[in-house]
Amino acid sequence: MKILNIASRSVTIELDSDKPYFHEREYTVYLNGAEILKDNRNVFTLFDLIPDTDYCVKVLNEEIKFITSPESTFFNVLDFNAKGDGISDDTIFIQAAIMASKDNGCVYLPKGTYLVSSLFLKSNLTLYLDKNAKIIAKTDRNEFPTYPSESNIATWEGSIRKCFTSIINCVNVENVNIIGGGTIDCQARNSDWYIDHRNIRIACRGNAVFYSRSKNINLIGLSIKDTQSYAVHPLFSENLKFYNLKIENNPNMPTTDGIDPDFSSNIEIKGNYISVGDDCIAIKSGTYELAKECLSSSKNIVISNNYMEKGHGGVVFGSESSGGITNVLIEKCIFKNTDRGFRLKTRRGRGRIGSIDNVIFRNVYMDNVKTPFVVNMYYNMGPKGGHEEYVWTYEKQPFTDLTPVVGKFKFENIVCENVEYAAGCFLGLPESKIQSLEFHNVTFNYKDEAEEGIPAMIEHPFKLCKAGLFALNVDDIKLESTVFNGLATEEIISKDSI
C-alpha cells in the first residue's frame with residue numbers, strides 16, 4: 001500500500017495487487033480506527049479530511065500514517081453570493097472566491113448545482129467539490145470566452161488555434177488540486193457541440209478541464225460527463241496526476257476523448273473509469289509545424305489500474321504525434337468493448353521531430369476488443385488530409401524530416417478474450433519500418449462467431465477475421481509463451497507489401 005497524493009482534505013492510496021483495476025477481494029478501509037469505506041478497487045480516495053491533521057489508514061491489516069496538508073483559507077462559494085440553484089449564473093461569484101483565496105487556500109463548492117461558463121484557477125489553490133456538488137456548463141457557445149490563436153495558449157488537432165475556453169482552466173499556474181466527489185457536467189448533449197462537429201463555428205471546441213503551460217496539477221475523484229470534445233486536455237504541462245476520475249460520454253458522440261496529454265510529461269493516470277465516444281486515453285504531441293517550433297514531446301507517462309469500457313481505443317498514441325512519445329508504461333488496466341486496445345496512429349507528413357519509442361504494455365486484460373493491438377503508419381483521418389498518394393502508397397518513399405519513426409514495443413502478461421478481426425495489425429513504412437515487437441506470455445482467445453472487419457483506418461482498407469499478427473514492414477517480431485486459441489490464419493502474417 002502506498003500514498004499517491006495528500007491534499008489538505010483528501011488522500012489517494014494505491015494497494016499492492018497484480019490484478020488489473022480490481023483488487024483480489026473486497027476490503028474495508030479504517031480511518032483512525034473507524035470504518036469509513038468498503039471498496040474493491042486498487043486505487044481509492046478519501047475525502048472530507050481535516051487540514052494539517054494526523055491520520056492512520058488501515059486496509060487488509062496494513063497501516064499507513066500521514067498528515068494532511070495545511071490550509072491558509074477556506075472559502076465557501078455561497079459566502080461569495082453563489083446560489084447553487086442550477087438556474088442562476090454562478091460564474092462570477094465562484095471566480096471571485098478563487099481570486100480572493102490566499103496561497104494554499106481552498107475554495108469549496110457545497111451541495112448544489114452551479115451554472116457556469118468558464119472558471120480560471122490560479123496557483124497554490126485547491127478547488128474542492130462536495131460529493132453532492134455539480135458544476136453544469138452553459139449551453140450557448142456565445143457565452144464562452146475564446147483563446148485567440150495569437151495567445152499561443154490552446155490547440156485543436158495538433159495546431160495552435162482560436163479555441164473556446166473550457167469549464168475549468170489552468171493557464172500558466174502551478175500547485176493546484178481539483179478534487180472531490182462532485183460532478184462536472186458539460187451539457188454538450190443539450191447544446192450544439194455535436195451538430196456538424198467538424199465545422200468550426202466562432203472557435204474550436206473546449207474541454208471540461210484544460211491545462212496550458214502548467215505544472216504540479218492534481219485532478220482527483222470527480223465525475224466528468226457530456227463534454228464538448230476531450231474531457232481533460234493537458235497541453236505543454238508537467239507533473240500531472242489523474243486519480244479516481246469517472247469520465248463518461250455518449251459512445252456515439254464524436255471526438256469526446258477521455259484524457260489527452262499533449263506535449264506533456266511526468267504524468268500518472270491511475271484508478272480511473274473511462275467510457276467515451278472516441279479514445280479513452282490519447283497521448284499526443286502536435287503536428288509537424290508545431291512540434292518543430294516548440295521542440296517538445298510527451299514522455300514519462302504511467303497509465304495503471306484503469307478501467308476503459310467503451311471507446312475507439314483504450315490507450316492511443318496520436319494521430320498528432322510529431323513531437324514524439326517516449327517512455328510510456330501501460331499496466332494493470334482493463335479494456336472492455338473498446339474497438340482497439342493499444343492503438344498508434346501516424347503517417348507520412350507527421351515527421352520525426354521526436355520518435356515514438358520505449359512503450360511497455362503489461363498485466364492487462366481485454367474483453368471484446370476487436371483488434372487488441374494496432375500500429376498504423378498510414379492513418380488517413382484527422383487534420384491536413386491523409387488521402388493523398390504520398391500517405392497511402394506502399395511504395396518506398398524518400399526518408400525525410402516528414403517521415404515518422406516508430407521504435408520498440410513490449411507486450412507482456414496479457415489476456416485478450418473474444419478477439420474478432422486480428423490479434424494485432426502493424427503497418428510500418430518501407431522507408432521507416434517498425435523496429436521491434438515483443439510478445440511475452442500473451443493469450444489471444446478468439447470469439448466463436450467473430451465478424452470480419454477492418455483492423456486499421458487506412459485509405460484502401462482490407463478486412464481480417466480471426467487473424468494472427470498482421471505485420472507489414474516490421475523489422476523484428478518475437479513471440480514467447482504466446483498462445484492463439486481459435487486462430488484462422490498463421491500466427492504471424494509477415495509482409496513487405498500489400
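## Exercises: helix, sheets and cores

In helix α1 (residues 91–100), the buried residues are T91, I94, Q95, A97 and I98. This is a predicted model, where local features need pLDDT of at least 70, side-chain atom pairs count only at pLDDT 80 or more, and totals for chains, interfaces and linings use all residues. Residues are numbered from 1 along each chain as its sequence is written, and side-chain values use heavy atoms, with hydrogens and water left out.

**Exercise 1.** Work out where the buried residues of α1 sit around the axis, and what covers them.

*Solution.* Start with the terms. Buried means under 20% relative accessible area, with exposed over 50% and partly exposed in between (1.4 Å probe, protein chains only). Helices (H or I, at least four residues) and strands (E, at least two) are DSSP runs, numbered from the N terminus. Next, recall that an α-helix has 3.6 residues a turn, so residues three or four places apart point the same way. Finally, their cover includes β9 (85–89), β10 (105–109) and β11 (112–116).

**Exercise 2.** Trace the parallel pairings of β28 (residues 265–270).

*Solution.* Take one partner at a time. Five bridges join β28 to β26 (residues 238–243), running parallel; here Y243 has K270 as its bridge partner. Another five bridges join β28 to β31 (residues 298–304), also parallel, and I267 faces I301 there.

**Exercise 3.** Which residues have the most contacts inside the largest nonpolar core?

*Solution.* Such a core is a set of buried Ala, Val, Leu, Ile, Met, Phe, Trp, Tyr and Cys residues joined through side-chain atoms within 4.5 Å. The largest has 106 residues, and I178, F373 and F444 have the most contacts inside it. Strand β40 (residues 434–446) gives the most to this core, six residues. Then look around F444: leaving aside neighbours within four places in sequence, its contacts (heavy atoms within 4.5 Å) include P372, F373, C416 and L469.

Conventions:
Pairing = 2+ DSSP bridges. Arc of directions from axis to C-beta.
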